[in-house]
Amino acid sequence: MPVARVCVDTPLPHLDRPFDYLVPADADAAAQPGVRVRVRFAGQLVDGFLLDRTAASGHDGRLAFLDRVVSPEAVAAPEVVALAREIADRYAGTLSDVLRLAVPPRHAKTEGAPVPDAPPGWTGTVAPDGWGHYPAGPAFLRALGDGRAPRAVWTALPGEDWPARLAEAAAACLAGGRGALLVVPDARDLDRLDAALTRVLGGPAHHVALSAALGPAERYRRFLEVSRGRARIVAGTRAAAFAPVAGLGLVAIWDDGDDLHAEPRAPYPHARQVLLSRAEQTGCAAVVGGFGRTAEAQQLVEARWAIEVTAGRDGLRRAMPRVITTGEHDQPREPEAVAARLPSIAWRAAREALARDAPVLIQVPRRGYIPVVACADCFTPSRCVHCAGPLSLPSATEAPQCRWCGRPAANHACPECGGRRLRAAVIGARRTAEELARAFPGTPVRTSGRDEVLATVPAGASLVVATPGAEPVALDGYGAVLLLDTWALLTRADLRGTEETLRRWLAAAALARPASRHGQVVVVAEGGLAVVQALLRFDPGWLAARELADRRELGFPPATRMAAVTGVPAAVAELLAAAQLPAGAEVLGPVPVREPGHERMLIRTPRSVGRALGLALRAAAGVRSARKAPDPVHVQIDPLDLL
């Protein structure tokens, strides 16, 4: 097999294909599929991955030799390469871009370190008690242990120890001789899952935690443990979705609606889709879990690709807290409630929880102190005189400053009335914490947000002010959870606004104690809204079914596939003219974007031709790159920020 087929590391779409090279005799043993190589390409030495060895080449001309094999370590397994090709085709990307996401950079010293012995096979057992709260849970766990491939959309109970449930599912796979891959949104969730796996498996020998936040050496060391087959269970963030787990039996994703699962680098794949594609390719089991449910997960259920794993109504009632609604128009009567900007119901719920020596969680969807200010006389929003950006107050003692350019505006005067007094148009989390500290003197107040995210808070009376996604876990549950300023989430002009609102509310409400232990959730919103009704019943599946039906009627993802093409108008028009779009494709737009001089065009197709849409757009991008078109065009398939 003297010919090596190489994926050359180049971002140009028109070069997205394997290139043939001859293998030197002295590199024959090391040049195996999956290794890193250096080749001469377009007059330069570039990196690449050796994909395959063949007896002959289809190229009629003279072949060049591999310059060298960088390392004999096979890091791009055939299964991972096939997955990367599938994801590149789906998202209109290139194979080299996806492999760059899948395989971490090489660390030579780590690669040459002595290889530890593989741990003995795991002989433990998995208790079914935790999954027993769900009627289909024990059967699901047995199927994993028996080597079958069940696929489930799991809606976790309020207060559920979800890391333990995922760890038990992974352990069931390991007991059956298969591996597992578990993906979570962020480092806090990964720490909890890592600890749960250590507890369930009796130590850290059988699993690794992978994340892009690890240093280069440590990340590569753990990757090698997986690629060499020493570790059979991988827990990680979105970077771990491509991990080369040997004998993969289960892929699972927690909280798939979190935008951290979406890769910000081209071709922008979503971790959920990467794992679902792996399940299709390998025939392994799959779990999409969370306290909420996305329209994409609901579609898996309605298409009968997956079954629902949910608790019965009786079990849900025992686990859920009491949920109370109060409208924005409900004015507080108590002086302390007025000082804290809390409706009377919310203030009393907090006071009762503190009296029982329980912590109280307050979710505020705006970070900072006062993120938006306005004229105190005419209520005109205050803006920077230099860039027209919104002004904010960083703290009670600092002058207002622009949120865009950062310039201070100590002498700001209203352009409408000339007034110099400012009022708060929006209150942030830090200002809310100050007001609560005055309303509940002597009670500790903690904040969790961008500056410092808390993982846990101790038991005992305290106030915890957190932005969505930064809520710490209380060791004994929260006595009350207050969801404030809900209009900031409810009024978002976003296709996923309703779904995202419920996801954030459920994530906070699930941290409360059950109603039998006096746990309460107070949401400052009108009870007639569909999203509030879903929260009252802790029924995300009902809202997800409504959302999916609405999107089918309107022709939005996931009922259809949609691509966003962004750039200067001439470049966008050139790409669309070169694209041979599949039958039934609709071109919508142009849609304005924030960047001056740019526009966005939307292309909608039925799901059945979604892959053809990705291939057509990549081919069109290849035509432009071959012509060396000067203006770039940004192509993204099913972006989260579609509207």
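This is a predicted model: local features need pLDDT of at least 70, side-chain atom pairs count only at pLDDT 80 or more; totals for chains, interfaces and linings use all residues.
Leucine 157 is buried, because its relative accessible area is 8%, and under 20% counts as buried.

Next, display the contacts of leucine 157. Setting aside neighbours within four places in sequence, select His133, Tyr134, Phe291, Ala311, Gly315, Leu316 and Ala319: leucine 157 is in contact with each of these. In sequence, arginine 318 and leucine 157 are 161 residues apart. In space, their C-alpha atoms are 9.8 Å apart.

**Next stop: H1 and H19**

Select residues 78-90 for helix H1 and residues 610-626 for helix H19. The two helices pack at an angle of about 80°, and their axes are 7 Å apart. H1 is therefore roughly perpendicular to H19. From H1, pick Arg85, Glu86, Ala88, Asp89 and Arg90. From H19, pick Arg611, Gly614, Leu615 and Arg618, which meet those H1 residues.

**Next stop: H15 and H17**

Move to helix H15 (residues 497-509) and helix H17 (residues 540-554). Here the packing angle is about 165°, with the axes 10 Å apart. H15 and H17 are therefore roughly antiparallel to each other. Their crossing is left-handed. Which residues of H15 meet H17? Select Thr498, Glu499, Leu502 and Leu506. On the H17 side, they meet Pro540, Leu543, Glu547 and Arg551. Colour by class again: the contact of H15 with H17 has four nonpolar, three charged and one polar residue.

**Last stop: a four-stranded sheet**

Switch to cartoon view for the sheet. Four strands form an open sheet, in the order E26-E27-E25-E28. The pairing is antiparallel. Which strands are at the edges? Select 586-592 for strand E26 and 634-637 for strand E28: each of these edge strands pairs on one side only. Look along the sheet to see the twist, which averages 20° from one strand to the next.

Now go inside the sheet. Select strand E25 (residues 560-567) and strand E27 (residues 599-606). How many bridges join E25 to E27? There are eight, and the two strands run antiparallel.

Conventions: Residues are numbered from 1 along each chain as its sequence is written. Side-chain values use heavy atoms; hydrogens and water are left out. Axes are lines fitted to C-alpha atoms, for helices over the stretch in contact, and angles run from 0 to 180 degrees between N-to-C directions. Angles under 35 degrees count as roughly parallel, over 145 as roughly antiparallel, 65 to 115 as roughly perpendicular and the rest as oblique. A crossing is left-handed if the near helix is turned anticlockwise from the far one by less than a right angle, and right-handed if clockwise. Contact means heavy atoms within 4.5 Å. Ala, Val, Leu, Ile, Met, Phe, Trp, Tyr, Cys and Pro count as nonpolar, Asp, Glu, Lys and Arg as charged, and the others, Gly among them, as polar. Two strands pair if DSSP finds at least two bridges between them. Buried means under 20% relative accessible area, exposed over 50%, partly exposed in between (1.4 Å probe, protein chains only).
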